[in-house]
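Let us take a walk through this structure together. Please have a look at the sequence and the model, and we will go from the overall picture to single side chains.

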Amino acid sequence: MAESNRRGEDAADDDRLDDETIDDAVDDDADEGEEPVSRGGTATRSRTKAESADSRPKAKSETQRVGFFGRIARFFREVVAELRKVIWPTRKELLTYTAVVVVFVTVMLTVVAGLDYGFAKGVLWVFGNPS
């Protein structure tokens with residue numbers, strides 16, 4: 001731990017490695033045939049008419065209509081795709097979360113039951129016991 005906080009050659013080496021990584025990432029982006037974008041101000045990229053025409057969304061008449069069952073199938077495929085993105089808790093985390101919820105609900109149940117009992121006794125004391 002003490003060695004990682006030490007200043008000197010190690011920190012300078014790490015900075016140089018970070019700079020090289022960033023430079024490599026910038027070089028990779030520039031190799032894709034796009035115009036380089038300067039960091040000094042706003043940059044706009046001119047598009048050709050053919051490129052703009054291809055990127056615009058197609059009208060309803062140009063797209064193929066999907067039937068009822070096709071839409072249902074697409075819905076389930078999208079649901080499965082979203083569920084794969086979920087970070088599922090481990091068994092230990094799940095048991096911990098469950099215990100926290102059970103304890104919290106028990107505490108709140110006790111507080112509400114105590115207030116209910118107290119208010120009921122208070123109302124009977126103020127208005128008298130009819131029995």
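This is a predicted model: local features need pLDDT of at least 70, side-chain atom pairs count only at pLDDT 80 or more; totals for chains, interfaces and linings use all residues.

The paragraphs below start with the whole chain and then turn to particular helices and contacts.

The mean pLDDT of the protein is 74, and 50% of its residues reach 70 or more.

Now for the overall architecture. The secondary structure consists of four helices and zero strands, and along the sequence the pattern reads α-α-α-α. How much of the protein is buried? Of its 131 residues, buried ones make up 0%. The accessible surface comes to about 13200 Å², and 60% of that belongs to carbon and sulfur atoms.

Let us move to helix α4, which covers residues 91-127. This helix has 37 residues and reaches 53 Å from its first C-alpha to its last, close to the 54 Å expected at 1.5 Å a residue. After α4 comes Gly128, whose phi is positive, near 85°.

Next, find helix α3, which spans residues 68-85 and includes Phe75. Which side chains can we look at here? We can start with the aromatic rings. A search of the whole structure finds two aromatic pairs. In one of them, the ring centres of Phe68 and Phe69 are 5.4 Å apart and their planes meet at 75°; planes over 60 degrees apart count as edge-to-face, and therefore this pair is edge-to-face. Phe75 and Phe76 make up an aromatic pair too, with 5.4 Å from centre to centre and 70° between the planes, and this pair is edge-to-face.

Are Phe68 and Phe69 buried or exposed? Phe68 has a relative accessible area of 52%, and because exposed means over 50%, Phe68 is exposed. Phe69 reaches 67% relative accessibility and so counts as exposed as well.

How many salt bridges does a search of the whole structure find? The search finds two. One joins Glu78 to Arg74, with their closest N and O atoms 3.9 Å apart. Both residues lie in helix α3, four residues from each other, which is about one turn of the helix. Glu78, at 46% relative accessibility, counts as partly exposed, and Arg74, at 40%, counts as partly exposed too.

Another salt bridge links Glu82 with Lys85, and here the closest N and O atoms are 3.2 Å apart. Glu82 and Lys85 are both in helix α3 as well, three residues apart, again about one turn of the helix. Glu82 is partly exposed, with a relative accessible area of 46%, whereas Lys85 is exposed, at 60%.

Definitions and conventions
Residues are numbered from 1 along each chain as its sequence is written. Side-chain values use heavy atoms; hydrogens and water are left out. Rings of Phe, Tyr and Trp (its six-membered ring) pair if their centres lie within 6.5 Å; planes under 30 degrees apart count as stacked, over 60 as edge-to-face and the rest as tilted. Buried means under 20% relative accessible area, exposed over 50%, partly exposed in between (1.4 Å probe, protein chains only). Helices (H or I, at least four residues) and strands (E, at least two) are DSSP runs, numbered from the N terminus. A salt bridge is a side-chain nitrogen of Lys or Arg within 4 Å of a carboxyl oxygen of Asp or Glu. The expected span of a helix is 1.5 Å times one less than its number of residues. Accessible areas come from the Shrake-Rupley method with a 1.4 Å probe; for residues, only the protein chains shown count as cover. pLDDT is the predictor's confidence in each residue, from 0 to 100.
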